[in-house]
Structure formats: C-alpha cells, structure tokens
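Here is a protein model to get to know. Have a look at it first, and then we can walk through it together.

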Amino acid sequence: MDVLVCVFYIVPALIMAGAIFMAVVVGRRSLDMSRAWNSGLTAEARCLRSYTTISGGGDTSVSTTLHHVYEFMTRDGRTIRLEERNGPATVVEGDIVTVHYTAERPQKATAHAPRRGLLAAGTVFALVFCAVVVLFCVVFMVGFHEFSSVWDSAWNGQE
C-alpha cells in the first residue's frame, strides 16, 4: 500500500480516536457533576484564586477561560483543593461559595449550581457531535476503500 493510501486510512482513524477520547472526557465530567449534585453533600468553599487563560490568536479566534481555585473541608475533616473552569465571573478571591461533592471522591467536586437540564443537553449535544464525526470517518474510509478497489480493478484491466 502506498503512502497516499495509508494517509486516507490513518488520518480518519486519528480523527475518530480524538472524537472518541472527547466523548469519554465529556461523559466522565458529566457523570462526575451529576453524582456531586445528587449526593446531597455540600460544603462552603473559599475561592483562593481566580485567573484567566487565553488561547488562540494570530489567525485563529481568541478564547478566554476563567479558572477558580477553591478549598473546602469535607464532613470527615479532609481539606480538599480543586480548580474549576468556566465559573461565574462574579466570584473573586476570598468569596465563599457552595460546592457539591461525593464522599468517595471529593476532589471531583463542583461549585457550579445544579442545572441538570443544561448538563444533559450539553452532554447529549457533545456525544452526538462525536458520533457524527466517527460515522463520517467510517463512511469516508469505507467509501475510499470501495473507490480504490474499483480503481485498482479498472487499472489492472479486471472487471
């Protein structure tokens, strides 16, 4: 198989792997947030730090992400520090917020207020998007395989 043909299989396979990885990450984060909200365990957390990161620029669009670092104490006395992205811009260093956590994994806590419908909609959208990307790659690879088989048969004088 020549290099060009390998590219038409390897590139879609890498794209599919990325989409599957993204689906796993989105699914895990969604489950973590849902478990934290449903556990019924809350604590008061102090915002230790708030900062932004900027990505992109040049020829690409610029994206700004707001990060918060919180610290709270679990009911069993453990001190937990967590960093969370995309929190409210109104929370600044020193503010007290409510965090939701599970007893088994308090490091997976969230300071986001429970919005189950929004979480479900966002998760479904991301998973459907990933599934469409994987499906497109599979159809592309199968189509390319069929096309190259027909082309090889015609090129070699076979029918």
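What follows is a short tour of the strands, the core, the helix contacts, the salt bridges and a surface patch.

## Before we start

This is a predicted model, in which local features need pLDDT of at least 70 and side-chain atom pairs count only at pLDDT 80 or more, while totals for chains, interfaces and linings use all residues. Residues are numbered from 1 along each chain as its sequence is written, and side-chain values use heavy atoms, with hydrogens and water left out.

## How the strands pair up

Let's begin with strand S1, which covers residues 41-57. Helices and strands here are DSSP runs, numbered from the N terminus (H or I with at least four residues for helices, E with at least two for strands). Two strands count as paired if DSSP finds at least two bridges between them. S1 pairs with strand S2 (residues 60-73) in the antiparallel sense, over 11 bridges. S1 also pairs with strand S4 (residues 96-101), again antiparallel, over 6 bridges.

Gly 57 sits opposite Thr 60 in S2, and Ala 45 sits opposite Val 97 in S4. S1 and S2 make a hairpin with 2 residues between them, and Gly 58 in that turn has a positive phi of about 70 degrees.

## The nonpolar core

In soluble globular proteins, nonpolar side chains tend to be buried together. A nonpolar core here is a set of buried Ala, Val, Leu, Ile, Met, Phe, Trp, Tyr and Cys residues joined through side-chain atoms within 4.5 Å. As for the wording, buried means under 20% relative accessible area, exposed means over 50%, and partly exposed is in between (1.4 Å probe, protein chains only).

Which residues of the largest nonpolar core touch the most other members? Out of its 14 residues, they are Ala 45, Tyr 70, Phe 72, Val 97, Val 99 and Tyr 101. S1, S2, strand S3 (79-85) and S4 each supply at least two residues of this core, and S1 gives the largest share, with 4 residues.

Contact means heavy atoms within 4.5 Å. Leaving out residues up to four places away in sequence, Tyr 101 touches a list of residues that includes Ala 36, Phe 72, Arg 75 and Pro 106. Ala 36 belongs to helix H1 and is buried, at 1% relative accessibility. Apart from residues up to four places away in sequence, Ala 36 touches Leu 41, His 100, Tyr 101, Thr 102, Lys 108 and Thr 110. Ala 36 and Thr 102 are 66 residues apart in sequence, yet 5.2 Å apart in space, C-alpha to C-alpha.

Ser 30 is in helix H1 too. Is Ser 30 buried or exposed? Ser 30 is buried, with a relative accessible area of 13%. Setting aside its neighbours within four places in sequence, Ser 30 is in contact with Leu 119 and Thr 123.

## Salt bridges

Side chains of opposite charge can pair when their charged atoms come close. A salt bridge is counted when a side-chain nitrogen of Lys or Arg lies within 4 Å of a carboxyl oxygen of Asp or Glu. The structure has 5 of them. One joins Glu 84 and Arg 29 (3.1 Å, N to O). Glu 84 is in strand S3 and Arg 29 in helix H1, so this pair ties together parts that are 55 residues apart in sequence. Glu 84 is buried at 4%, while Arg 29 is partly exposed at 31%.

Another salt bridge joins Arg 105 and Asp 32 (2.8 Å, N to O). This pair links Arg 105, in the loop between S4 and helix H2 (116-155), with Asp 32 in helix H1, 73 residues apart. Arg 105 is partly exposed at 35%, and Asp 32 is buried at 10%. Then there is Arg 78 with Asp 76, whose closest N and O atoms are 3.2 Å apart. Salt bridges that share partners also join Asp 32, Arg 105 and Lys 108 into one network.

## A patch on the surface

Finally, look at Val 3, Val 7, Val 11 and Ile 15: they form a nonpolar patch on the surface, with about 330 Å² of accessible area together. Patches are made of residues with over 30% relative accessible area and no salt bridge, with like charges joined within 9 Å and nonpolar side chains (Val, Leu, Ile, Met, Phe, Trp, Tyr) within 5 Å. Accessible areas come from the Shrake-Rupley method with a 1.4 Å probe, and for residues only the protein chains shown count as cover. Val 3 lies in helix H1, which runs over residues 3-39, and is exposed at 65% relative accessible area.
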